[in-house]
Amino acid sequence: MILQLEKGLAKEKLQQLVSKLSDNGFSTSEVQTQFNHYLVAIGKKEVDIRSIGQLEGVRDIHRVDDAYKLVSRKWRVHDTSIAFDNGVTIGRNSLSIVAGPCSIEGEAQTLKTIEHLNANGLRMMRGGVFKPRTSPYAFRGVGLNGLKEVSALCRANGTLLVTEVMQVSQVAEMHDYVDIFQVGTRNSQNFNLLDELGKAGKPVMIKRGFSGTIEELLNSAEYVFSAGNEKIILCERGIRTFETAYRNTLDLNAVPILKEKSHLPVFVDPSHGLGIRQFVGQMALAAVMAGADGVILEVHNCPERAMSDGQQTLDFTEAARLYGQLKATWELRNSFNGQF
Ligand code: PEP
Ligand code: MN
C-alpha cells in the first residue's frame, strides 16, 4: 500500500499511523521526496483500505500489489514528467532527443557537438567522462576535470548534460556539473549507488541491466524513488541473448510493457542496443513507434576517430536526418491516439 501523507504532518501523528499499520501487520517505510511525503506499507493481511484512508494525516491511499510500489502505474495513473529550469520537459506529450558522443574527448569536440545540437534545436547532450570499459586498457574517460569543462560549455549554451556516474563517491563530486545522472547497464543493480542518487535529488536515467528483467529495472527505479527522488527515466539499451549478429538485442517489447507498468518516462538507446551505425536510425524510429518518450543517441563529428563506440555512432549529417524523421514519426504516433 502507498499512503500519501498530508504536507507538514507532525511527527506524533506519523507515529500514530505507523503504530496503527503495525497493529494491522504492516511494516512501513517513510519516503520523503522533493515533492511528497509517503508511507509505503508492506503486509500480508487483507485490510479495508478505506479504514486506513480515513486516519488523520492520510491524503490518499492506494493498493499496489506489484513488488515495486512508488514507480507503479497502479497508483499514479498519469505519465510523470521532468521539468528543467531551461524550459526542457521530459515525458508526457514531448519527445526527447539526447545526442552526443559515447565519450567526452575535449573542448573542441564538445563545442562541435553543442553547435550541432543547437543547429538542430536540441537541448540535451550525452557524453561519458567516466567510462565503464570491458578492457582496462581502453580509454576510460576524461574524468572530473573534463566534466567541469564540459559542464561550463553546456551551461553557457543552455544545453543539459547527461553523463554516467559509476560509483557512490562520484555522486557528490559530479553533482553540480550534471543535469541528468546516467546509471549504466553494468550498474543497474548497484543498490548503494541508486540509494545515493535517490538522496541527490537530480534526475536519474537508469539503464536496464543487460541481463536484467523488466521487474528488476523497475525495482532499481524504486530504490531511487524510495530514497527521495521522483525524477527518474527508465532506459532500454539492449539485452544479452544467444544472438551474435549484433552487439545487443534491443528489446523494444520492453517499451510498451514499461509504459504500462510504470508512470515514469521511458527512453531507448538504439546505439548500444544494436551496435551497428547503419541500422541505428531505423531502430530509433521503431522505438518512438513502440511508445518511447525519448531516444538517446551516440553522435560524433567524426565517428571513425571517436575514442569509443565509433562503430555505432552517427555522424552529424546522418544524425540531423534522423532528428527530422524522429519528429515525423512522433507526429504519426500521436495521430493514432494510442489506438493500434
Ligand atoms: C553509454 O551510454 O556510454 C554506456 C556505456 O551505456 P551502457 O551502460 O548502456 O552500456
Ligand atoms: Mn557508448
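**Salt bridges in the predicted model**

Glu230 and Arg76 join their side chains in a salt bridge, with N and O 3.1 Å apart. A salt bridge here is a side-chain nitrogen of Lys or Arg within 4 Å of a carboxyl oxygen of Asp or Glu. Glu230 sits in the loop between α7 (214-226) and β12 (232-236), and Arg76 in the loop between β4 (58-62) and β5 (82-83), so the pair ties together parts 154 residues apart in sequence. Helices (H or I, at least four residues) and strands (E, at least two) are DSSP runs, numbered from the N terminus.

The structure is a predicted model: local features need pLDDT of at least 70, side-chain atom pairs count only at pLDDT 80 or more, and totals for chains, interfaces and linings use all residues. Residues are numbered from 1 along each chain as its sequence is written, chains are lettered from A and ligands numbered from 1 in the order in which they are written, and side-chain values use heavy atoms, with hydrogens and water left out.

Glu230 is buried, at 8% relative accessible area. Arg76 is also buried, at 17%. Buried means under 20% relative accessible area, exposed over 50%, and partly exposed in between (1.4 Å probe, protein chains only).

Asp79 and Lys259 form a salt bridge, their closest N and O atoms 3.5 Å apart. Asp79 lies in the loop between β4 and β5, Lys259 in helix α8 (residues 254-261), and 180 residues separate them. Asp79 is partly exposed (22%). Lys259 is buried (13%).

Lys199 and Glu196 pair within helix α6 (residues 191-200), three residues apart, or about one helical turn. Salt bridges with shared partners join Arg73, Asp79, Lys259 and Asp293 into one network. The whole structure holds 16 salt bridges.
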